[in-house]
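Open the model in your viewer and keep the sequence panel beside it. This tour goes from one selection to the next and says what is there.

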Amino acid sequence: APRNQNNVGVLNTDDNTFDTIPISVTGNYKYDGAAALGTKIYFAPCYQPNVGVLETVDNSFFTIATPGISGTAVYRDPVAVGTKVYFPPNGGTNVGVVDTTDNSWSTIGSFGSQDYGSAVAIGTKIYLAPANAENVGVVNTEDDSWSTIGIPWETPQNGKFDGAFAVGTA
């Protein structure tokens, strides 16, 4: 993801060469993490008020507006399920969603600033790792609902977990 670079880095594993694709967005801390869906790569808005999108067929770049979203380190490490891309909140107050059928933006949940780490999709649910949150966040992609699973901490702790993955099949 183009975080502090004004381009997307591309590694060609056939010949081990590295190249870049310029984008139309400048500045630092632009995007934090990416998810691929079809021929497009969706970049999570960190300090940007938009989702960045790279179309890999022709290496074109465009953005999807995120109305009502502002701040710093808002989202990170998106995951794709079906035709939607979900953006876990890093410093944001909800889960962001891009519906790729029409490039529309919406949000799920409304809570105080919760810092989650990466997310993993298992079937129709997305689980968000509790980096600074006091729970595991869960998005049910069948109806875009939000819920949580409590974790057994006696006192609040920052930087608990930063990453998520699934083992085996679901």
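Select D77 and R76 to begin: the side chains of these two residues meet in a salt bridge, with 3.3 Å from N to O. The model you are looking at is predicted. R76 has a relative accessibility of 15% and counts as buried, because buried means under 20% relative accessible area. In general, side chains of opposite charge can pair when their charged atoms come close.

**Stop 1: R3 and D32**

Select R3 and D32. They form a salt bridge in which the closest N and O atoms are 3.4 Å apart. R3 lies in the segment before β1, while D32 is in strand β3 (residues 31-37), so the pair ties together parts that are 29 residues apart in sequence. Are the two partners buried or exposed? R3 is partly exposed, at 33% relative accessibility. D32 is buried, with a relative accessible area of 15%.

**Stop 2**

Move on to K84, which sits in strand β8 (residues 84-87).

Now show what surrounds K84. Leaving aside neighbours within four places in sequence, K84 is in contact with L37, V79, V97, V98, D99 and D144. Pick the C-alpha atoms of K84 and D99: these residues are 15 apart along the chain, and the two atoms are separated by 4.6 Å. K84 has a relative accessible area of 23% and is partly exposed.

**Stop 3**

Select residues 95-99, strand β9, together with residues 104-108, strand β10. The two strands run antiparallel and are joined by 5 bridges. V98, one of the contacts of K84, has W105 as its bridge partner in β10. Between the strands of this hairpin there are 4 residues, and N103 takes a positive phi near 55°.

**Stop 3: N94**

Select N94, in the loop between β8 and β9. Which side chain does N94 meet in a polar contact of 2.4 Å? The partner is the side chain of Y75. N94 counts as buried, because its relative accessibility is 10%. Not counting residues up to four places away in sequence, N94 touches several residues, including I69, F87, P89 and F111. T107 and I108 are also among the residues that N94 touches.

**Stop 4: an open sheet**

Finally, display strands β11 to β14. These 4 strands form an open sheet in the order β11-β12-β13-β14, with antiparallel pairing. β11 (116-122) and β14 (145-150) stand at the edges, each with a single partner strand, so one side of each is left without a neighbour in the sheet. Neighbouring strands of this sheet are turned by 25° against each other on average, direction ignored.

Strand β12 (residues 125-130) and strand β13 (residues 135-140) run antiparallel, joined by 4 bridges. To see one of the pairings, select K125, whose bridge partner in β13 is N140. In general, strands of a sheet pair through backbone hydrogen bonds, either parallel or antiparallel.

How values were computed: Residues numbered from 1 in each chain as written. Predicted model: local features only at pLDDT ≥ 70, side-chain atom pairs only at ≥ 80, totals over all residues. Heavy atoms only, no water. Buried < 20%, exposed > 50% of the residue type's maximum accessible area, 1.4 Å probe, protein only. Contact = heavy atoms within 4.5 Å. Pairing = 2+ DSSP bridges. Axes fitted to C-alpha atoms, helices over the stretch in contact; angles between N-to-C directions. Polar contact = N/O pair within 3.5 Å; in protein donor to acceptor, adjacent residues only side chain to side chain. Salt bridge = Lys/Arg side-chain N within 4 Å of Asp/Glu carboxyl O.
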